[in-house]
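Please look over the sequence and the fold below.

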Amino acid sequence: MSRKVVLIVVDGLGRAVLERALAEGHAPTIARLVDRGTLHPPCASSFPSLTPVCLSAIATGRHPDGSFIPGLTWYRRGEGRFVEYGSSFGATLVEGTLESINDSILNLNHLHLSQQVRTLFETVEDAGLVAGAINFYVFRGRTRHPLARRPLGALARRIGFTDAVYGPSRFFFGELFQSDMTGAPANIGLGGGNDRHAAAVGRWLVARDGFDFLLFYLPEVDMASHRSGPDGVLDVLGRADEAIAELVSPCGGVDGFLERYAVVLVADHGQSAVTATADLREALHGLRLFTSSRASDPARSAVALAASNRAGMVYRLADAPPAATLARRLEELPGVDLVAFVDGPGYVVRRDGRELRFTRDADGAPDLRHGRWAVTGDTDVLELETTGGAVGSLRYPNPLERLTGLLDCVNAGEVVCSATTGYEFLDAGGSHHLGGGSHGSLLATDSTVPLVTAGFDGPVLLPDEPSITDIHGLVAGALGIAPAGAARAGPVEGRTVGR
Ligand SMILES: [Zn+2]
């Protein structure tokens with residue numbers, strides 16, 4: 001028995017914010033899903049907890065070491081330049097250069113994202129089923145979609161943007177790509193238009209039962225949280241909830257919707273309030289810093305710095321100091337919580353002058369996700385605790401798997417760092433979200449997201465600490481597709497809906 005599946009991704013919705021919204025009645029449609037299904041234990045994002053990284057993890061089931069997407073901005077060694085995905089779809093279209101637009105839409109999907117992994121859309125359509133995506137920007141699929149002949153499409157064509165991308169057969173991406181004419185309101189990525197647009201397209205697709213799998217993406221909560229901080233998003237979350245209500249409306253509401261579809265609701269990452277900024281360049285003073293391919297030459301630079309939101313990476317270029325030396329410099333800067341790097345066969349993470357070393361070890365201690373690790377040094381660095389025989393951390397969700405998931409990525413810097421509570425790192429343009437919210441760190445506030453399932457046949461079995469990398473297998477399993485080693489849906493028993 002298999003179900004059609006709708007995956008709802010609410011960008012930037014931390015688990016604590018959802019809990020408050022549910023308690024205060026701001027999200028009645030999500031509350032109904034929780035009531036008919038399961039709100040799972042806190043789910044961990046990827047590290048860094050930034051949207052391109054985490055949407056790639058949801059789409060492919062892999063952290064950066066598998067997806068190859070290590071950040072919002074990163075240094076591409078083969079080209080000697082920075083990749084910049086922009087802070088949002090809208091911001092990229094409005095303010096970005098052609099290169100940034102190409103990076104965030106075309107290159108992310110067709111050049112940077114690993115060819116060795118499959119997206120959900122490829123997994124679903126390779127099994128002969130129909131996949132759909134609304135405004136989700138890790139969309140790689142098998143169907144060619146030419147630029148839409150709408151005003152923004154005409155503008156994109158004029159400035160030399162690509163003439164087509166490959167996505168799922170039912171594909172909607174703002175005003176640029178539409179596989180079907182739905183009559184949805186225009187969406188240029190600004191002014192609350194994203195979630196309204198998604199709702200209209202989603203309702204159109206549900207009314208036609210036009211997919212086996214649909215990814216329904218709502219970005220407005222993240223945008224509002226950047227502006228107002230994570231405590232100021234309840235009204236915008238209420239509008240996201242209304243968008244979900246509109247999605248389910250052709251079925252007469254949540255109950256009717258769950259008779260036809262299994263639903264997974266998740267976020268990519270949470271957010272933290274920003275009360276201070278730090279400039280990682282100060283930690284690298286005296287070193288020749290690569291700034292951009294226009295202004296500097298990587299062959300004459302010692303290091304490249306990719307900092308954005310609450311995470312940073314340092315890349316070693318010509319005659320760079322050792323990673324351990326660079327890590328010590330970063331560690332001493334106020335605002336840096338922890339630093340990590342690879343050393344020989346293992347990994348090193350440091351905080352406040354203390355050091356922890358770890359490596360994968362089949363005979364080592366288990367974590368809450370069936371990983372096994374040999375750990376030496378000061379376990380207080382990650383506040384590791386052993387409960388029920390498994391190692392975990394309340395301060396840093398799924399810390400060992402997530403740190404290695406970045407450090408083993410071919411496109412990551414040799415040294416990575418995570419911001420402490422309240423701090424944000426200035427990006428290459430010196431911008432920040434002081435007074436608002438940000439994310440990217442290894443800390444729980446940025447990294448703990450809600451995971452709701454409803455309408456599944458039988459129980460949904462997940463590790464004790466779920467991860468957004470479990471979603472790919474969960475969706476494939478519910479659809480009756482069993483990719484090797486990834487399916488996590490429970491045994492199928494009858495047609496009971498809900499828990
Ligand atoms: Zn964000």
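Which residue in strand 12 does Lys 4 stand opposite? Tyr 261 is the residue in strand 12 that faces Lys 4. The model is predicted.

## The open sheet

Strand 1 covers residues 4-10 and strand 12 covers residues 261-266. The two pair in the parallel sense, over six bridges. Both belong to an open sheet of eight strands with the order 2-28-12-1-11-6-9-10. Pairing in this sheet is mixed.

Strand 2 (38-39) and strand 10 (177-178) stand at the edges. Each has a single partner strand, so one side of each is left without a neighbour in the sheet.

Helix 16 (residues 471-478) lies across strand 1, strand 11 (213-218) and strand 12. Helix 16 runs at about 175° to strand 12.

Strand 16 (residues 303-308) pairs with strand 17 in the antiparallel sense, over six bridges. Two residues separate these strands in a hairpin. Asn 309 sits in the turn, with a positive phi of about 55°. Ser 308 has Ala 311 of strand 17 as its bridge partner.

Strand 17 also joins strand 24 (residues 415-419). Four bridges link them, and the strands run antiparallel. Here Met 313 has Val 416 as its bridge partner in strand 24.

## Burial

Strand 17 (residues 311-316) is mostly covered, with five of its six residues buried. In helix 14 (residues 399-407), nine of its nine residues are buried. Among them are Glu 401 and Arg 402, together with Leu 400, Leu 403, Leu 406 and Leu 407.

Methods: Residues are numbered from 1 along each chain as its sequence is written. This is a predicted model: local features need pLDDT of at least 70, side-chain atom pairs count only at pLDDT 80 or more; totals for chains, interfaces and linings use all residues. A residue is buried if 20 or more other C-beta atoms lie within 10 Å of its own, exposed if 12 or fewer, and partly exposed in between; C-beta atoms are placed from the backbone. Two strands pair if DSSP finds at least two bridges between them. Two residues are in contact if their C-beta atoms, placed from the backbone, lie within 7 Å. Axes are lines fitted to C-alpha atoms, for helices over the stretch in contact, and angles run from 0 to 180 degrees between N-to-C directions.
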